[in-house]
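Subject: Structure for you to look through

Dear colleague,

Please read them with the structure open beside you.

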Amino acid sequence: MFRAWTALLIVPLLAVILAGCIRDSDPSEEEPTVEEVLRGAREQWDSTESAHFVLEVDGDAYLDSAESIRLRSADGDILRPESVSASARISVALLTLDMSLIAVGGEMFMTNFVSGRWERAPDDFSYDPSILFSDTSGIGPVLEALENSTLDGSERVGSVATHMVSGTVDESDVSDITAGAIEGEDIRVTVWIGVDTAHIYRVTLAEPEGVRDEPATWTLDLNDHGAPVTIEPPPV
C-alpha cells in the first residue's frame, strides 16, 4: 500500500520536472545573439522620435579648437530630426560655468557665459547632442560600426533589465557625437539595451590609455523614449 501511494506521488512530480526541462530547452527562450540584440536596438532607435539624455564626462573633453572649453556634463531632450534643448556644465580656464543650448533646424544657440543671454553659438563650437539621432553619424551607425562585439550578460539600469554589449570603434565613428573630443584607434564602447523593449538605456565611450594625460570616458544615459517634446528657437 505504501509503495502504491509513493508511486502516485512520484509520477506527477516527474512529469512536472520533465515539463520544466522541455520548457528550458525551448529554442524560442534561448539567449539572443549579439547580432540580434544590436539589430533590434538599431531598429528601435531609428523609430524613436525623442529621448531625454544625461551625459557625464570624466577626463579631458574640449569643445573648441583652442581647447579652452572643456565639457563636464550635460542633460536635456533631443527630438528628431535635429533639435535639442539642454543645459551643460563646462570649464573655461579655472572657472566652471553652466550654460544652456538649443539647436533647431541646423542652427545652434547658447547662453552667453557672462550675461546669460541667448546668442548664436560660435562656428567652432560643435557640440550638438541632437546628432545622436543622425542616420549617418549618430548612435545607430555606431552600433553598426562595432568591431569584436560581445554579449556580456545582463545588468539593470535603474529598474530596467538590459543586455550589455561591448566592442570597439575608431575615433572617426564617434567624432560627430563627441564633437571631436574623443581620440584613439580603439574606442571602447559599451551599450545597455533593454531586454524587453530593445531601447538603448546607456552608452559609454572610453578612450584607450596613453592618448592623453587624462583619457576621457563619456557616460550617456537615455530615458523617456518617445515622450512628447517641443523645442523652439530662443529669443536672440
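Valine 157 is buried, with a relative accessible area of 11% (buried means under 20% relative accessible area, exposed over 50%, and partly exposed in between, with a 1.4 Å probe and protein chains only). Please bear in mind that this is a predicted model, in which local features need pLDDT of at least 70 and side-chain atom pairs count only at pLDDT 80 or more, while totals for chains, interfaces and linings use all residues. Residues are numbered from 1 along each chain as its sequence is written, and side-chain values use heavy atoms, with hydrogens and water left out.

Valine 157 belongs to strand E7 (residues 147-157), where helices (H or I, at least four residues) and strands (E, at least two) are DSSP runs numbered from the N terminus. Leaving aside residues up to four places away in sequence, valine 157 touches Thr162, Trp192, Tyr201 and Arg202, a contact being heavy atoms within 4.5 Å. Valine 157 and arginine 202 are 45 residues apart in sequence, and their C-alpha atoms are 7.7 Å apart in space.

Threonine 168, in strand E8 (residues 160-169), is also buried, with a relative accessible area of 13%. Its contacts, again not counting residues up to four places away in sequence, include Ala145, Asn148 and Arg188.

In soluble globular proteins, nonpolar side chains tend to be buried together.

As for confidence, the protein averages a pLDDT of 85, and 88% of the residues score at least 70, pLDDT being the predictor's confidence in each residue, from 0 to 100. Over residues 1-19, however, the pLDDT is below 50, and this stretch has one contact in the model beyond near neighbours in sequence. Residues 21-28 likewise have a pLDDT below 50, with one contact beyond near neighbours in sequence. Where pLDDT is low, the predicted coordinates should not be read in detail.
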